[in-house]
Amino acid sequence: MRLLNRIYIKFYFFILLLYVFFNKGVAYSYMAEILLVFGIFILFINRKQFEIGLDIKQIIVGIFILTSFLYIILGVFQYPILNVLRDSLAFQYAWFVFIIYFLKSEYDFIWQKIIQIYKWVPLVIFLNFFLFYFVFLYLPPINIFGNQNIIIYKNGDKSVHLLISTILMFLYSDKYSRKWLIANTILIVINILILLAFTRSGSIAYILALFSFFFFSKEKILNDSIRKLLKYVPIIILIGMSLFLAADIQADAQGRTISLTQIADNFTSIVSSDIDGSLTNNKVWRIVWWAKLVNESFTLQHFFVGKGLGMSLAGNDILNPDENLRSPHNFNLTILARFGYLVFIAWIIWLVSIFKPLFTRKLAGKTLAITSILLAFIINGSFDVFFEGPMGAFPFWTFVGLLFIENTYGSPTEIPS
């Protein structure tokens with residue numbers, strides 16, 4: 001049985017690597033969903049050995065999964081079954097929490113794989129940017145899975161994975177050579193400057209999560225390796241800024257350019273409506289949709305049970321109705337609209353239980369790192385369709401499972417060696 005578990009883990013992190021490196025390009029490969037089914041099968045055949053910590057956070061996740069299952073049963077009598085199943089995955093992906101928790105005996109091997117994957121993320125994200133804008137735009141689309149170009153990568157998702165790579169580099173700097181540390185830091189600076197121009201939600205997620213990692217730590221984060229790296233920071237920033245300004249990209253699909261002015265406009269548009277163009281239009285469009293969902297959820301019909309699974313939440317009176325645009329770019333409101341206020345309140349309670357130790361400075365080491373990483377996921381998922389698909393949900397629930405292992409068997413004050 002242990003051999004089966006080890007084989008499954010290897011496939012697990014190979015598929016995670018594909019989602020981290022290719023993102024939307026492999027979204028319609030259904031590899032995460034196949035992995036989920038096999039993982040549930042492993043849990044079933046090992047059900048006598050499976051144990052769960054009687055922790056409020058784990059219990060609530062179980063409630064989410066059970067609730068989603070009940071909504072599937074109700075939804076198949078009203079809507080196409082594929083739409084119902086697709087919407088149910090918003091919570092069914094949470095099975096990965098218990099799959100990882102069950103595989104806790106392989107914890108060291110799991111972390112080894114995670115560190116290996118995220119060592120390469122800064123380079124992968126930079127290559128994706130370079131290849132997309134300077135090579136693949138001039139080639140016919142390469143659609144391997146579904147109707148998505150294999151090189152398509154959502155900018156908000158890039159920011160979250162770049163944040164994970166940054167935190168793990170600080171936490172495990174001893175596993176990097178000095179040259180690799182310098183090269184990765186340069187790539188991180190270049191990538192974050194590009195992402196500051198291309199994504200508001202991703203930029204906020206990166207900045208706030210990294211700030212939380214340092215500010216709310218109860219222990220010193222900077223070790224000797226990182227302190228030695230600090231003397232190179234001025235040169236690294238200079239190189240990063242030079243390459244950023246040298247990139248001649250006039251506009252992306254939303255009309256955003258690589259420039260310091262674009263970065264300033266992005267952050268100004270968060271609190272102001274005086275910025276012209278798609279930035280303000282995009283914000284207004286979301287606010288209108290979110291207000292509509294909140295108002296509908298206060299009705300007696302939807303307050304307790306929501307709208308259920310299977311229908312598009314866009315409705316017929318949104319400015320740009322689209323059957324494929326099924327979720328309101330905010331996972332919190334997806335929960336509210338589909339499941340009602342009772343499940344939504346349970347979700348808020350779960351979030352508070354996850355992040356309260358962070359904000360009260362009770363965390364260090366892996367627990368601090370994972371909680372800060374989850375904060376980046378939640379921030380980005382509050383402004384994008386992120387947890388409704390495998391690109392965000394698969395890694396998110398994986399890190400939740402790792403946090404549960406740390407909470408049960410680890411020490412929140414232990415700095416990893």
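By the rule for salt bridges, how many does the count come to, and which parts of the chain does the pair of Arg 6 and Glu 106 tie together?

Tutor: The model is a predicted one, in which local features need pLDDT of at least 70 and side-chain atom pairs count only at pLDDT 80 or more, whereas totals for chains, interfaces and linings use all residues. Residues are numbered from 1 along each chain as its sequence is written, and side-chain values use heavy atoms, with hydrogens and water left out.

The count comes to six salt bridges, a salt bridge being a side-chain nitrogen of Lys or Arg within 4 Å of a carboxyl oxygen of Asp or Glu. Side chains of opposite charge can pair when their charged atoms come close.

One of these pairs joins the side chains of Arg 6 and Glu 106, at 2.6 Å from N to O. Arg 6 belongs to helix H1 and Glu 106 to the loop between H5 and H6, so the pair ties together parts that are 100 residues apart in sequence; helices (H or I, at least four residues) and strands (E, at least two) are DSSP runs numbered from the N terminus. Arg 6 counts as partly exposed because its relative accessibility is 26%, while Glu 106, at 4%, is buried. Here buried means under 20% relative accessible area, exposed means over 50%, and partly exposed lies in between, with a 1.4 Å probe and protein chains only.

A second pair joins the side chains of Lys 154 and Asp 384, with 3.3 Å from N to O. This pair links distant parts of the chain, 230 residues apart, since Lys 154 sits in the loop between strand E2 (148-149) and helix H8 (155-171) and Asp 384 in the loop between helix H16 (365-381) and H17. Lys 154 and Asp 384 are both buried.

Glu 296 lies in helix H14 and Lys 307 in the loop between H14 and helix H15 (331-359), eleven residues apart. Glu 296 has a relative accessible area of 22% and is therefore partly exposed, and Lys 307, at 23% relative accessibility, also counts as partly exposed. Lys 292 joins Glu 296 and Lys 307 in a network of salt bridges.

Ser 297 touches His 302, Phe 303, Leu 336, Ala 337 and Tyr 341, leaving aside residues up to four places away in sequence, where contact means heavy atoms within 4.5 Å. Gly 340 has its place in helix H15 and is buried, at 0% relative accessibility. The C-alpha atoms of Gly 340 and Ser 297 are separated by 6.6 Å, although the two residues are 43 apart along the chain. With the same exclusion of residues up to four places away, Gly 340 touches His 302, Phe 303, Phe 304, Val 305, Gly 306 and Ile 335.

To return to the loop that holds Glu 106, which lies between H5 and H6, helix H5 itself is mostly covered, with seven of its eight residues buried. These are Phe 96, Val 97, Phe 98, Ile 99, Ile 100, Tyr 101 and Phe 102, and what covers them includes helix H1 (2-22), helix H2 (31-45), H3, helix H6 (107-119) and helix H17 (390-409).

The axes of H3 and helix H5 (residues 95-102) come within 9 Å and cross at roughly 135°, axes being lines fitted to C-alpha atoms, for helices over the stretch in contact, with angles from 0 to 180 degrees between N-to-C directions. H3 and H5 are therefore oblique to each other, as angles under 35 degrees count as roughly parallel, over 145 as roughly antiparallel, 65 to 115 as roughly perpendicular and the rest as oblique. On the side of H3 the contact is made by Gln 58, Val 61, Gly 62 and Ile 65, and on the side of H5 by Trp 95, Val 97, Phe 98 and Tyr 101.

For the protein as a whole, the secondary structure comes to 17 helices and two strands, and buried residues make up 57% of its 417 residues.
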